[in-house]
Amino acid sequence: MFKNRSIIIMAVVVAATAAIAGYYIWKAEQDFVAQNPMNEFKEKVSAPVPSVRTGVVGQEVNNEATAAPAETVVQNATALPDEDSGPAEVAAAEDPVVTGSFIDELSRFLVDHYHPAEAQDGGKSFSSASFISLNKYFGSNLLGFSFQESTDLDAARQEILDHLLTPGIIKNVFALYADNLVDQLAAKAARTDKEIKGRTRPLTEAETSDMFQLNSAKLRSISAAMKAVAANPGLMESISKYLIAVSRVEVANADFQQIMDEQGVGGPDTAEAGKRLKLAITDRERIKAGVVSTLKNSCGNCASDGALFYIAQWVHRRTVSDMKRMDFVATGAELLAELSTKFTNKADEIKNAPVEDN
């Protein structure tokens, strides 16, 4: 799914020159953390894109605010296949918006974010791919998507989102590409060289099987989190209240900074401004903790606190204007669980394949 506008959650912003002001804000945060140790998850906001040059695959976008460096957004943004990869393995038919090259890009992303055990000092493999990293990467470059509104990144995202939220479309996209993704990912692992302790080589079959298993677990986690959100639609109101609370923290912090600049640490209004800031922070975190607690009651430890809250915010942005779209979230959760099963089956298939004699 693709990101509209994310929310900057700045607990307290203190200028380097205001050391005393920094103490007050630090103290406010420390008092809160002592009462509620939940780690704060910070989500990045993408500013509107000033301009996008279109018409050629691979043109750069003037988009300094996006998470990925030197990303590209183009009209009909389909990526060219690797020169050494042979014919592109795409489905016989393509969705008009989610093109076959998206599967190629997604496969590349998953292979690039897999880290074999041999490359790790601790000897344990892992995948750094996540719902958050996928959303930021594809939400900032839109590789593999075809769209008409190419002069503004947010408009392009919205066009893609409106298409996917159309009833039945997400199931059609899954039917078109799910099996192809499994095959492409296996093929990409076999032909993509990775630097592993000074050697460059593709993944072994054992590593490819492990990559599928790791990503299968991640898909199950995201699926469970989305099911929990869909089962608790009332949380969308809590997210709306959270966003208001975020704004109140920003206002309280700005007020505190201004009073400190004008009156200093001993000013008649400084202590009261510090209390207002602390209360605003406490209220914001109380709402956030309530959202996470509700989701955990539904899915247990299906994901980290930060991931759960991120997904809840992601769903909020896509359903706030039309709660009927929550059906899309529930369907997406089911499809992710099905894809997880496909990944597990592929991992077992590779693991149990007979060894060919040379």
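User: Ala, Val, Leu, Ile, Met, Phe, Trp, Tyr, Cys and Pro count as nonpolar, Asp, Glu, Lys and Arg as charged, and the others, Gly among them, as polar. By class, what does the lining of the largest pocket have?

Analyst: Six charged, five nonpolar and three polar residues. This is a predicted model, where local features need pLDDT of at least 70 and side-chain atom pairs pLDDT 80 or more, while totals for chains, interfaces and linings use all residues. Residues are numbered from 1 along each chain as its sequence is written, and side-chain values use heavy atoms, with hydrogens and water left out.

User: What counts as a pocket or its lining?

Analyst: On a 1 Å grid over the protein atoms alone, a pocket is an open set of points where a 1.4 Å probe fits, with protein on both sides within 12 Å along at least five of seven lines; lining residues have an atom within 4 Å of a point.

User: Which residues lie nearest the centre of the largest pocket?

Analyst: L165, T166, P167, D327 and F328, out of 14 lining residues. The volume is about 240 Å³, taken as the space filled by probe spheres set on grid points joined across faces, edges and corners.

User: And which helices supply the lining?

Analyst: α4 (153-164), α5 (169-191) and α10 (326-351) each give at least two residues. The largest share, three residues, is from α10. Helices here are DSSP runs of H or I, at least four residues, numbered from the N terminus.

User: New topic. How many aromatic pairs are there?

Analyst: Nine. Rings of Phe, Tyr and Trp (its six-membered ring) pair if their centres lie within 6.5 Å; planes under 30 degrees apart are stacked, over 60 edge-to-face, the rest tilted. One of the pairs is F131 with Y310, centres 6.0 Å apart and planes at 80 degrees, so edge-to-face. F131 is in helix α3 (residues 131-141) and Y310 in helix α9 (residues 305-319), so the pair ties together parts 179 residues apart in sequence.

User: Are F131 and Y310 buried or exposed?

Analyst: Both are buried, meaning under 20% relative accessible area (1.4 Å probe, protein chains only). F131 also forms an edge-to-face pair with W314, 5.3 Å centre to centre and 80 degrees between the planes. W314 is in helix α9, 183 residues from F131, and W314 is buried as well.

User: Last one: what is T208 in contact with?

Analyst: Leaving aside neighbours within four places in sequence, A186, A189, L203 and I350, where contact means heavy atoms within 4.5 Å. T208 lies in helix α6 (residues 205-231) and has a relative accessible area of 6%, so T208 is buried.

Notes
Buried < 20%, exposed > 50% of the residue type's maximum accessible area, 1.4 Å probe, protein only.
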